[in-house]
Every structure is written in C-alpha cells, then in structure tokens.
Amino acid sequence: MKRVIRALGAASATAVLAGGLLVAAPNSASANDYGYTCKNWKVGSSSWSADCHVTRGKARTTTDCSNKTHYGDWVGKGYWKFEGKCGKYALRAHSVEWKK
C-alpha cells in the first residue's frame, strides 16, 4: 500500500473502503488542473467529508451508497465543507466533480 501511495504522489490520496474498494480522491489543483483542492479527508463505513477550496468554476459532491447515488449542489468559489452520508447504507465510493 505504501508503494501505491508513493507512486500516486501529490496527484491523489487513496482510501480503502469496506469490501476492498479503492477510491482515488483529487488532492492538488496543480497536479490535476481542476479548480479546487481538498484536504482533511475523513472516510467511514457510511460517510465521508473533506475541507475544500474552490478557486474557479463549480464543484459538487458525489456519494455512491449501496442503495443509490447522492449528488450535492453545485457551489462556486469559496471554502466549503464537502460531505456525503449514506445513513444505514454502506458507502461504496465518493468524489468531487468539477466543471468550468
């Protein structure tokens, strides 16, 4: 696992969820060329959160739960606490979507 994280470098952070699902999460605007950066990622069995800074464009959350996928509202420039909650259902994957 350490080798995988080193290979990914600053471009992304990884989280292994229940069932062995590996999720890559964008980490640096300079590395991924998106208009946002996120830090302080916290991932549990049914929820996740991150502190994000949208520098340009719009961003929203995507939370894939075992029962359905939840999409957050599009937000513009600023500092945001992004999160997703699945309640009693298992978290399968999560991401931040960005558009210009």
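**Exercise 1.** In β7, which residue is the bridge partner of C52?

Let's take it step by step. This is a predicted model, in which local features need pLDDT of at least 70, side-chain atom pairs count only at pLDDT 80 or more, and totals for chains, interfaces and linings use all residues. Residues are numbered from 1 along each chain as its sequence is written, and side-chain values use heavy atoms, with hydrogens and water left out.

Start with the elements: helices (H or I, at least four residues) and strands (E, at least two) are DSSP runs, numbered from the N terminus. The protein chain has two helices and eight strands, in the order α-β-β-α-β-β-β-β-β-β. Strand β4 covers residues 47-54 and runs antiparallel to β7, with eight bridges between them. Two strands pair if DSSP finds at least two bridges between them. Within β7, W80 is the bridge partner of C52.

**Exercise 2.** Find the disulfides and describe each one.

A disulfide is a covalent bond between the sulfur atoms of two cysteines; here the criterion is a pair of cysteine sulfur atoms within 2.5 Å. A search of the whole structure gives two.

- C38 and C52 are bonded, with sulfur atoms 2.1 Å apart. The S-S torsion is about 110°, so this disulfide is right-handed. C38 sits in β3 and C52 in β4, so the pair ties together parts 14 residues apart in sequence.
- C65 is joined to C86, S to S 2.0 Å. This link is left-handed, with -80° about the S-S bond. It connects strand β5 (residues 58-65), which holds C65, to the loop between β7 and β8 (91-99), which holds C86, 21 residues away.

Now check burial: buried means under 20% relative accessible area, exposed over 50%, partly exposed in between (1.4 Å probe, protein chains only). C38 and C52 are both buried; C65 has a relative accessible area of 3% and C86 has 6%, so these two are buried as well.

**Exercise 3.** Is G76 buried or partly exposed?

Locate G76 in the loop between β6 (69-71) and β7 (78-85). Its relative accessible area is 26%, so G76 is partly exposed. Leaving out residues up to four places away in sequence, G76 touches V54, G57 and K58, where contact means heavy atoms within 4.5 Å. The C-alpha atoms of G76 and K58 are 4.6 Å apart.
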